[in-house]
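User: Hi, I have a structure open and would like to go through it with you. Could you walk me through what you see?

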Amino acid sequence: MMKHYFILQSQLIHRHLLASGLPIGLAYLFIPVAFLGVSILVFEKTELAPILYPVLCLTLLIPFSNQRRNEFLQISFGDRRQQLIRIMENLIITIPFVIFLLYQLQWLSTIALIAAATAMAVWQKKYVWRFSFPTPFARHQFEFNAAFRHSFILLISIMAIHVIAITVENFNLGIAALLFILVIMMQHLSHPEPEYYVWNYASTPRLFLLQKSKMVVTNAIILSSPIWASLIIFFPDQILLIITFEAIGIAVLIATLMSKYAAFPYEMSIAQGIALALVISFPPALLVYIPYTYHLSKKRLSNLLR
Amino acid sequence: MIQIENLQKSYGSKSVLKNINITFEPGKVYGIVGENGAGKTTLFRCMAGLEMHQGTINSNPSPLKNHLGLLVTDPYFFPKITGLEYLKFMCHARKLSLHDWETKNIFELPLNEYAETYSTGMKKKLALLGILLQENHYFILDEPFNGVDIQSNLIITDIIHQLKALNKTIILSSHIFSTLSDNCDEIHVLKDGTFAQRVTKEDFKKLELEMKEQSAGPRISALGLK
């Protein structure tokens, strides 16, 4: 029964790759290459890699802890098998990360990652928290409200890192915190909402996209304000650099928004994801990429908005 | 008024709607019935502009989608969004502001809690409240009574009557015949992607009996229950 479940999961992954739009061989090649590339980059670029790398892996495991999914598994397989399946799922995904951590001789991080992955599989949400977090964002948009509440703990952790950056006068770490916040928002902005949430607007595609872009700019500035404001206060001579990073970050968010609607109502394909990643690695390309994807989005939304 | 002419919709080689012609007039409640897979939801999606189709759908005022309140069977709510934020979003999408939301909360929903934590019936009521606050001219209510408690069923019935009195056009679908016969002026039977029958109020009883005869008896005996 469990064997059948895992065969089914591998078939689902295969179908997702087929739907990505890339030739299937290339898609299978892309995953390990991208994994290796990101792993090397994380360890090369930051001293916090032994912490960030396991966190990155655990972030990938979050969707598997979905309550409804777990309940379905519980009903289908019973308590004991469900837990076994969940532990196996988490550990299978963790394996490549564990291998890379061992290669980096990060023993403590390896043990912590395995323990956390197992705990995530065993832990189940037994109650629903009904308290709703207030957010500082515009009242009519859902993207930033949802992102803020989903990533609240992560945002608090980034703020803590930023406080450390200010305390030890590490400007680079402060900028990293700023970018990290924008990356979290980018992750939330990249997933398409159901059609109904777009269809509802009594607006043309052009006005809709402008309204959404305005929302992204305003809310991103508000969300990152504790970081950029304190950076300006404590590193006033770096003000130009701070503004540049903030501006590029917001431009990347707009590019993500446009990419999402260029593929709407579907998820961005791997090819589109690669294009966006390439543009991010060479920010001047945003000047071409944003108008281009805006044009595609307008076309894509013309069926839903009039 | 909504006028549908020669509406056709296919998914690949499978034809779901075939040559639909119908006019929905203001101040009337229309019921659409049909078996699962008859094409009801596809018809609603085409009318809402959520599906590409052949044929024309005209309305006055136009475009239809900007004046249409669409209640889907299984409303989706963004995770970590409160009921109140959803209502504000719905109003904002139609360039309206939400005032006096406490008094407008006729279903007494816990609007400061996350909508995803609501029960099935509460979700339906929130979605319905959202489209009512949009001041729409047309309403498509796909299974509005499903999963909703008795008191709310009565409120929904009353709302439908009030909308009718306000000269709005309401299109209802339900699998519970009594909810349609209590509310509708006309019932249209959708079968194999086309309207097979148009029944007016005086013939509702006859239609119900026909449907019972066609479905219940022989089908259940085919099961050979022991």
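**Chain by chain**

Analyst: For the 306 residues of chain A, a compact globule would have a radius of gyration near 19 Å, and chain A, at 21 Å, agrees with that. Please keep in mind that this is a predicted model.

User: What is the secondary structure of chain A?

Analyst: Chain A comes to 14 helices and zero strands, and its C-alpha atoms fill a box of roughly 55 × 55 × 45 Å along the principal axes.

User: And how many helices and strands are there in chain B?

Analyst: Chain B has seven helices and nine strands. Its radius of gyration is 18 Å, close to the 17 Å that the globule rule gives for 226 residues, so chain B is as compact as a globular protein of that length.

User: Where do the charges sit, how far apart are the centres?

Analyst: Chain A has 21 positive and 12 negative side chains, with the centres of the two sets 13 Å apart. Chain B has 25 positive and 25 negative charges, and their mean positions are 5 Å apart.

User: Let's zoom in on α4 of chain A. Which residues are buried there?

Analyst: In helix α4(A), which spans residues 67-77, the buried residues are A:Asn70, A:Leu73 and A:Phe77. They cover an arc of only 60° around the axis, which puts them on the same side of α4(A).

User: Why would residues a few places apart point the same way?

Analyst: An α-helix has 3.6 residues a turn, so residues three or four places apart point the same way.

User: What do the buried residues pack against, and what is on the face turned away?

Analyst: The buried residues of α4(A) pack against α1 (2-19) and α5 (79-103) of chain A. The face turned away from the buried side carries A:Arg68, A:Phe72 and A:Ile75, which are exposed.

User: Changing topic, which peptide bonds are cis?

Analyst: A cis peptide bond joins A:Phe264 and A:Pro265, with omega about 5°, and A:Pro265 is placed in the loop between α12 (239-263) and α13 (270-281) of chain A. In chain B, the bond from B:Ser62 to B:Pro63 is cis, with omega near -10°, and B:Pro63 is found in the loop between β4 (54-59) and β5 (68-71).

User: And where is phi a positive value in a residue other than glycine?

Analyst: Phi is near 50° at B:Asn19, which lies in strand β2 (residues 14-24) of chain B, and it is near 70° at B:Asn167, in the loop between α5 (150-165) and β7 (169-173) of chain B. As background, most residues other than glycine have a negative phi, and most peptide bonds are trans.

Key: Residues numbered from 1 in each chain as written. Chains lettered and ligands numbered in written order. Predicted model: local features only at pLDDT ≥ 70, side-chain atom pairs only at ≥ 80, totals over all residues. Heavy atoms only, no water. Helix = DSSP H or I, 4+ residues; strand = E, 2+ residues; numbered from the N terminus. Rg over C-alpha atoms; globule rule 2.2 N^0.38 Å. Lys, Arg positive; Asp, Glu negative; His and termini not counted. Charge placed at Lys NZ, Arg CZ, Asp CG, Glu CD. Buried < 20%, exposed > 50% of the residue type's maximum accessible area, 1.4 Å probe, protein only. Arc of directions from axis to C-beta. Contact = heavy atoms within 4.5 Å.
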